[in-house]
Amino acid sequence: MNIRDLRYFLAVAELEHFGQAADQCCVSQPTLSGQIKKLEEQLGVTLFERTNRRVMLTEVGEHIAHSARRILREVDTVHDIAKSSHDPLAGKFRLGAFPTLATYIFPNLVPRAKAAMPNIRLILIEEKTANLIEKLRHGEIDAALLALPVYDDFLVSHKLFDDEFLLAVPPDHELTKHPSIDQKTLKKQRLLLLEEGHCLRDQALDICRPHGIAEEQDFKATGMETLRQMVKAGTGITFMPKIAIQENEPGIHYIPFTAPAPIRTIGLVWRKTTTRQPVMDRLIESISSLGEG
């Protein structure tokens, strides 16, 4: 068994098709099938259930695939460490962000990061916060942009910027008469919020609860842009982070909150054991001003 065999095995496991896996691995299908058969003989187990239409992992195959993925991640880490020893600002770097931030920060971040680190290969991942923390802990990503604080002894964070919340309402809403608004004014209002699992939902609820602001129970959005379009349609009102607000946007009105305005604090989070600290430092420099622009 070697690293190549594990890559062949995982390609079949993920694509559930020998022909597609062979194409991905740039080998002929008989070659790949032969290596998988040898791997099964070496291990003394059947890795796949095979039918005329599809291929799927057996129970033992699932367990072996989990271990194989971990092994290949470690192999990639070995290569990354070797590359970074020659140039700490080179090689692959996997950066995650949660959906209500990624859409608005990644397009501005990429050119800045490339300018600061021309030899880095930046791989961007958009996932919910809980998934990103798990990926960090298991070495599947190198760093993540998250809302602070993050409580995890395995991780370290650096504050980047505060992202202020504004109230988004339809242009004809009664609240548009206010140049700014106190959170207590919303006590009789019902807010449109994201579905469970989004950190923005949790942040909004933290703002709502102390002031008795209710959630609209008949609708839960899957993303920020859905919330925006629902407000434009006159369905309700919601909180919108400043980084997501578009200048001179038609069909929607944004009202700032009176001080102290509700905010979310955005930070860069990574493992304490990282070998990529020079990249973290450059990313911090590149990102710090994005929340203001």
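Me: At what angle do helix H1 (residues 3-15) and helix H3 pack?
Reply: This is a predicted model, in which local features need pLDDT of at least 70 and side-chain atom pairs count only at pLDDT 80 or more, while totals for chains, interfaces and linings use all residues. Residues are numbered from 1 along each chain as its sequence is written, and side-chain values use heavy atoms, with hydrogens and water left out. Axes are lines fitted to C-alpha atoms, for helices over the stretch in contact, and angles run from 0 to 180 degrees between N-to-C directions. The axes of H1 and H3 are 10 Å apart, and the angle is about 105°.

Me: How are H1 and H3 therefore oriented to each other?
Reply: Angles under 35 degrees count as roughly parallel, over 145 as roughly antiparallel, 65 to 115 as roughly perpendicular and the rest as oblique. With an angle of about 105°, H1 and H3 are therefore roughly perpendicular.

Me: Which residues of H3 make the contact with H1?
Reply: Contact means heavy atoms within 4.5 Å. H1 contributes Arg4, Asp5, Tyr8, Phe9 and Val12. On the H3 side the residues are Leu32, Gln35, Ile36 and Leu39.

Me: At roughly what angle do the axes of helix H2 (residues 18-25) and helix H3 (residues 29-43) cross?
Reply: Helices are DSSP runs of H or I with at least four residues, strands are E runs of at least two, and both are numbered from the N terminus. The axes of H2 and H3 come within 8 Å, and they cross at roughly 105°.

Me: How many charged residues are in the contact of H2 with H3?
Reply: The contact is made by Phe18, Gly19, Ala21, Ala22 and Cys25 of H2, and by Gln29, Leu32, Ser33 and Ile36 of H3. Ala, Val, Leu, Ile, Met, Phe, Trp, Tyr, Cys and Pro count as nonpolar, Asp, Glu, Lys and Arg as charged, and the others, Gly among them, as polar. By class there are six nonpolar and three polar residues, and the number of charged ones is none.

Me: What arc do the buried residues of helix H9 (residues 277-287) cover around the axis?
Reply: Buried means under 20% relative accessible area, exposed over 50% and partly exposed in between, with a 1.4 Å probe and protein chains only. The buried residues of H9 are Val279, Met280, Leu283, Ile284, Ser286 and Ile287. The arc is that of the directions from the helix axis to the C-beta atoms. These residues are on the same side of H9, because their arc is only 165°.
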